[in-house]
Each structure stands twice: as C-alpha cells, then as structure tokens.
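Here is a briefing on one protein chain. Please read it next to the sequence and the model.

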Amino acid sequence: MVNGMPSLLIRNARILTLAGPAGARHGKQLRELGLIPQGEVLVAAGKIAAVGPKVDAPADAEVIDAGGRVLMPGFVDCHTHACWAGERIGEWEEIIGGTPYLQILKRGGGIHATVRAVREATRKQLASALRERLDLMLRSGTTTVEVKSGYGLTVEAELKMLHAILRAAHEWSGTVVPTALLGHAIEGEVEDYTRMVVREMLPAVWHEFPGIAVDAYCEREAWPVEACVRLFERSRKHGLPMRVHTDQFSSLGMIPEALRLHAVSVDHLEAASNADLAALAESHTVGVVLPVSGFETNRRFARARRLVDAGGAVALATNCNPGTAPSHSMPFVLALGVRCCGLTPAEAIVAATVNAALVLGLTDRGTIAAGQRADLILLRHKDERQLAYELGGNPVDLVICNGARVA
Ligand code: NIG
C-alpha cells in the first residue's frame, strides 16, 4: 500500500518501454521500442515504481498476469478538435461523393457550420458531448488527449469552448491538454477579423489560460500566412507555444515561417514540398501527421517516410473532428500511418506515444520508466505489429491511468 492505494504488479508482459534519448525521437531513433520480451512493471501511487525482467514487489501488491501480451504506454492523441456541437453527416455524404472540403468551407459550411452549432450550445452541453468522446478514446487506449477550441470565432465563444474543455477534463480519468485554436477560420474581412483576434481574443485567452499553446489553420479559405505570422509573433511575446495546421491542401509557404518562429509542431503536411520536408527534418519542430483526414477527403497523405528518412521527428494523431476526421481511434490512426504514410509499425508506436507527448510539452509519460506517470495499456496481442495490422477492432484489453484501472 502506498498512500492507501495498493501497488499493482503486471507480470509476464512483453513490455515496450520506449526507453531512449531525451527529447523527440528523430530519424532512426523512431525504430527503438526499448523491448523487454518478458518482464514486470510495478506501479505505486500513480507512478511506475520499477520495470525490468524481474522487479521486487510488496507482498500485498495486486498482480495482473499479462500472459505474454504487449504492455506499452497509453496513447497520446496530440491533435484533436473533439469539442464540438451539431453534426455534419449531410456534408460527409457530399465529401465522399467528391465535393472538395474547401468548396464546402467557402460556401459557409464545414467549420462555419460547426461554429453555428457551438455558439448555440451551452458550456455544459459542449462539455458533456466532449466527455462522451473522451470515454470512447479511453477505451481505445488514449490516456492523454489534446483538445482545441476554434469553433467559437468570437472572444466569448472561444472562451466558452476552452472552459467546456476544462470542465470535461476535470471529470475524466485521463489528461486533457487544451489548445487555443484562435486562427481556425475567418469571419468578415481578413484584415479586420485577424486584427480582432490578435488584439482582443489572444489577450483575453492568455489572461485566463496562461501558457496555453496557440494554433492556426493556414490554408486557402482559412488563415493566410501573413495573418498566422502576426498571431504567432504576438503569442511568442507572451511565451505561448505555437502549433500550426499547414499544407493540408495547399503549400502556401507557412512551413519556413513556422520553423523560423520555432513552432513546436507543424500539423497535416499532406501538400508539403520536398524542400519544406527537408528543412523540417533539420529542425526541432515535430511533424504531426493526421492520416484520417486524407483517408476521408482526398486520399492524399503526409509523406512521413520521407521526413523520417531525412532525420525528422514525427507524431501521429486522430485529428478527431466532425468534418475531416470522424474517428477517436489511435489504433486506426496507426494502421493508416503505416499503410498510407510509409511508417513502420514501430515508428508509428513511437509517433503515437513519446513523440506525441513531447508535442504537448509532457515529459512524464510516453515511456515506461521508474518515476513516469503510470498511464499504461495492455493489448490483446502478443506482437505489437498487430496494432497496425488489424483494421477496425479495439486491440486494448486494459487501460491504467495514473496507476488506476479505468477501462
Ligand atoms: O484539421 N483543417 C482544419 N481543421 C480540421 C477540420 C475541422 C472541421 O472541418 O471541422 C482539420 O482537418
């Protein structure tokens, strides 16, 4: 017993520790799973107390026999828009029928349709819809999730979203990291709208959420490069980390600017040029790859293989949203990351755990080592490659969050 909580010993497990160098894993480092073929993990007081082929455990520890199944860190889903109201299933039928996503956005649908529904919803309704999605994620092995605002587009509605995200986070066993997606779409004139965001929305948000990461969607029909740069230069003055959706459909020149501004991540990258991928590979910025969106909209995918071969760092995420990624499942993302973006199963696992945690600034998870937070998943499989091999099932038998069994 530690602090009234019994210790937990998981034995006879194939353990992916993901032990490795500090910082995001680049290039060949993404292949290292830190495998202990048959080992034990002791969990006490919410943390990993010991890991190895054999560990010393207190006599009263609860024991789980893994029977040779894979034990690994919980997934970290580092890019989602999981807080929304309303639905867009009619638009989805148009998209699968061939209507381009940006055409729907241009006519006032897409993100704008969800904005209308979010403005109508109360904070409580938003929190409860998010909470249902978080529970689905947890059952599929996600123990930490980033959730963006971005469907408010006014100061009041963006703050409502961020408070709804915190409310849902408070009730959930896993960890939620909110991100202020202040540059998601434009209402009215570009110049007027972006000035309002930089001068009014940004200060209101960082005042209530100090240290929150700021994000924007650099794309035709969304935010131009110059507006993103203005927003990020101002955020940087307040020390806020920067992330950017870029090169989803168009390569507008945002990647070099993001690297110049030391963005934590550049997300999407389906349309990124060879030169931009090469520059990204040389940097400390992580490329966040979101294959569900390409699968859903136009079958175009980020060339993660090229980025990793050039020595870059990659993370994988669901991008869970009502428009381009109606999925909460990290195992499905791994399956697509391997089939469509050229990652190996091992690289996809590193991209979905330790690298994704680092995108969120979290160094206390994503690996199995003494002192780390005990966020663990036990798979149904005895071979971790089956995580990416299997399509559409739930490979997770057990989820442990902060040392407690939660699913
Ligand atoms: O990353 N592209 C911008 N944001 C989301 C889509 C959001 C939506 O369509 O509601 C994306 O794909």
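This is a predicted model: local features need pLDDT of at least 70, side-chain atom pairs count only at pLDDT 80 or more; totals for chains, interfaces and linings use all residues.

The contact between them takes 32 residues from domain 1 and 34 residues from domain 2, where contact means heavy atoms within 4.5 Å.

Residues are numbered from 1 along each chain as its sequence is written, and side-chain values use heavy atoms, with hydrogens and water left out.

**Fold and dimensions**

- The protein chain has 15 helices and 16 strands. Helices (H or I, at least four residues) and strands (E, at least two) are DSSP runs, numbered from the N terminus.
- Along the principal axes, the C-alpha atoms fill a box of roughly 65 × 45 × 45 Å.
- Of the contacts in the protein chain with a separation of 6 or more, 72% join residues 24 or more positions apart.

**Surface and charge**

- Of the 407 residues in the protein chain, 59% are buried. Buried means under 20% relative accessible area, exposed over 50%, and partly exposed in between (1.4 Å probe, protein chains only).
- The accessible surface of the protein chain is about 15,400 Å², and 51% of it belongs to carbon and sulfur atoms. Areas come from the Shrake-Rupley method with a 1.4 Å probe; for residues, only the protein chains shown count as cover.
- The protein chain carries 42 positive and 44 negative charges, whose mean positions are 2 Å apart. Lys and Arg count as positive and Asp and Glu as negative, while His and the chain ends are not counted. Each charge is placed at NZ of Lys, CZ of Arg, CG of Asp or CD of Glu.

- Most residues other than glycine have a negative phi.
- Glu221 is not a glycine, yet its phi is positive, about 70°. Glu221 sits in the loop between β9 (213-218) and α7 (225-237). With a relative accessible area of 36%, Glu221 is partly exposed.
- Leu269 also has a positive phi, about 75°, without being a glycine. The loop between β11 (265-268) and α9 (274-281) holds Leu269. Leu269 counts as buried, at 2% relative accessibility.

**Two buried loop residues**

- Arg88 lies in the loop between β6 (75-77) and α1 (89-96). At 8% relative accessibility, Arg88 is buried.
- Leaving out residues up to four places away in sequence, Arg88 touches Tyr101, Gly110, Ile111, Ala113, Thr114, Tyr151, Pro322 and Gly323. Arg88 and Ala113 are 25 residues apart in sequence, and their C-alpha atoms are 7.8 Å apart.
- Ala263 belongs to the loop between α8 (254-260) and β11. Ala263 is buried too, at 4% relative accessibility.
- Leaving out residues up to four places away in sequence, Ala263 touches Met242, Ala258 and Thr285. Ala263 and Phe332 are 69 residues apart in sequence and 27 Å apart in space, C-alpha to C-alpha.
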